[in-house]
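Student: I have a model open and would like to learn how to read it. Could you walk me through it?

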Amino acid sequence: MFETGVRQFRMALGMAQGRRLDPRNVARLVDDVLATLAEFGEPGADAAELIEGPMSSPEARLEVTNNSLRRTARRLAAQSPFYARRFASAQVDLAKLDVTGLRTIPVTLKQDLIERPEDFRCTDVPAYLATRTTGTTGLPAEVWLSRYEMELWPALGALASVLRGELLPGDIMQVNISSRATAATHLAAASCRLVGAGWRPLGIVPPEASLEGLAEGGATILFTVPSYLAELVTAARRAGMGTGDFRLRRLVVGGEVLSASLARAAARTFGVPLVEDPYSMTEILPITGRTCSQAHQHHDLNLGLTELVDLDTGERAAPGALGTLVITPYFPYRDCTPVFRYDTRDVARCLPDTSLRCELAGIPATSQILGKADHLLRTPGGEVVTPRQLIEAIESLPAEPWPARYRAAVRDGRIRLTLPASAIAGYGAAEGRRHFAAAGLDIDLDIVGNDQAASLRRTRSDLHETTFASQRALVGA
């Protein structure tokens, strides 16, 4: 117990002073928590406070935030060529930088990262692992990570997961995301190793192969993307599989909009109480967000700052307004290719300025992610329609057309929605228009052949990987 206390103190001191943490120390804390769980059945409040943070006081939260921003900015000014120029151009006083002064620093765009990746690399850290975004919403960006990051993040993730009961010894995690998502797959594997859980990486393979791993392979946790989850639900239904065929206790998705209709169907099919929909993205790792039972997106307080910036004014979004998430990971949690005020282009709505009453009420929150800012539809009357509104309405059609394939644009002042014929099968265009009107969407509907479905909207499930059992005959064979 004494040694555990020392390890907790070392980690807390490092976080408070902004020094690099020792990943081995955090990994040993994982072992300590597992031992405590095995003996007493609960982890203890001291360990949980390391992850959740004691910052219930707004004043304490603001002080920690300002100190973390200054520490991060000072390092970037010294080690990152891109931010050395940016801070100098904005005439930032690094010693006095605080939350209120952030708006003088322009946001960082994905295009900046694509055009000048070498300028984002910090000069005092050797690169270890390269990872790329999937490119489903534009050109992919490459991000280099250090060995320190790839050892620290799984240790922090494993500690948080064990404390929350999300990952435990004996679990088997099946991962169905693109194999090119090297950071995410590496982090999942390392976290499972630290906890003593199994890890099955399959990628975006034919859904029948994944169902076999879920059923006969005894997976207890599934980690995938919503569009591939849609394929799994459809394939399971086609095969006559249901709750009794699976051992899953958790189903986790990310990277795309998850509709309520798909989430309900997946929960019924796989026998889980709910489908978890956390938030993260490659460029801002290790920052994450958690969704509560009231569909708020709660954003990490300890590892970085999340701003919600008004889409039109660039100022802090007012209650009820739409904004884009702008995220700054703090040093020492990000150190090889850090970003500062990174505009994710992920849109959320600012919640009313009242006290939250959900189970995560102590953590700042926004609405769920509503889609990408570049995919919003604006009508001449001032109405703004989000991708989530469209996906929710499409995937709740009686035909259950998962994942939603559509194209939407504003033409002659009206929203024109293009769907494949299968989306309204047995329903008809007139009934389809009434369905969308009931969802609050006044649209003109165009129907195209099913052969055009995949070209209407790209999804992450389109990144299919072949197997010898499923690949087509080779050319010339």
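Tutor: We'll take confidence, the sheet, the cores and the cysteines in turn.

Student: What should I know before I start?

Tutor: This is a predicted model, where local features need pLDDT of at least 70 and side-chain atom pairs count only at pLDDT 80 or more, while totals for chains, interfaces and linings use all residues. Residues are numbered from 1 along each chain as its sequence is written, and side-chain values use heavy atoms, with hydrogens and water left out.

Student: What is the mean pLDDT of the chain?

Tutor: pLDDT is the predictor's confidence in each residue, from 0 to 100. Here the chain averages 92, and 94% of its residues reach 70 or more. Over residues 473-477, though, pLDDT is below 50, and that stretch has zero contacts (heavy atoms within 4.5 Å) beyond near neighbours in sequence.

Student: In what order do the strands of the open sheet lie?

Tutor: Strands of a sheet pair through backbone hydrogen bonds, either parallel or antiparallel. Strands here are DSSP E runs of at least two residues, and helices are H or I runs of at least four, numbered from the N terminus; two strands pair if DSSP finds at least two bridges between them. This open sheet has four strands in the order S4-S3-S5-S6, with parallel pairing. Its edge strands, S4 (198-201) and S6 (250-253), each pair on one side only. Four bridges join S5 (residues 221-224) to S6, and Leu222 has Leu251 as its bridge partner in S6.

Student: Which residues touch the most other members of the largest nonpolar core?

Tutor: In soluble globular proteins, nonpolar side chains tend to be buried together. A nonpolar core is a set of buried Ala, Val, Leu, Ile, Met, Phe, Trp, Tyr and Cys residues joined through side-chain atoms within 4.5 Å, and buried means under 20% relative accessible area (1.4 Å probe, protein chains only). The largest core has 97 residues, and those touching the most other members are Phe87, Leu214, Leu229, Leu251, Phe270 and Phe340. Helix H8 (residues 147-163) gives the largest share, 10 residues. Phe270 touches residues including Leu214, Leu229 and Leu251.

Student: How many disulfides does the structure hold?

Tutor: A disulfide is a covalent bond between the sulfur atoms of two cysteines; the cut-off is a sulfur pair within 2.5 Å. The structure holds zero. For Cys292, the nearest cysteine sulfur, that of Cys358, is 3.7 Å away.

How values were computed
Buried means under 20% relative accessible area, exposed over 50%, partly exposed in between (1.4 Å probe, protein chains only). Lists of a residue's contacts leave out its neighbours within four places in sequence.
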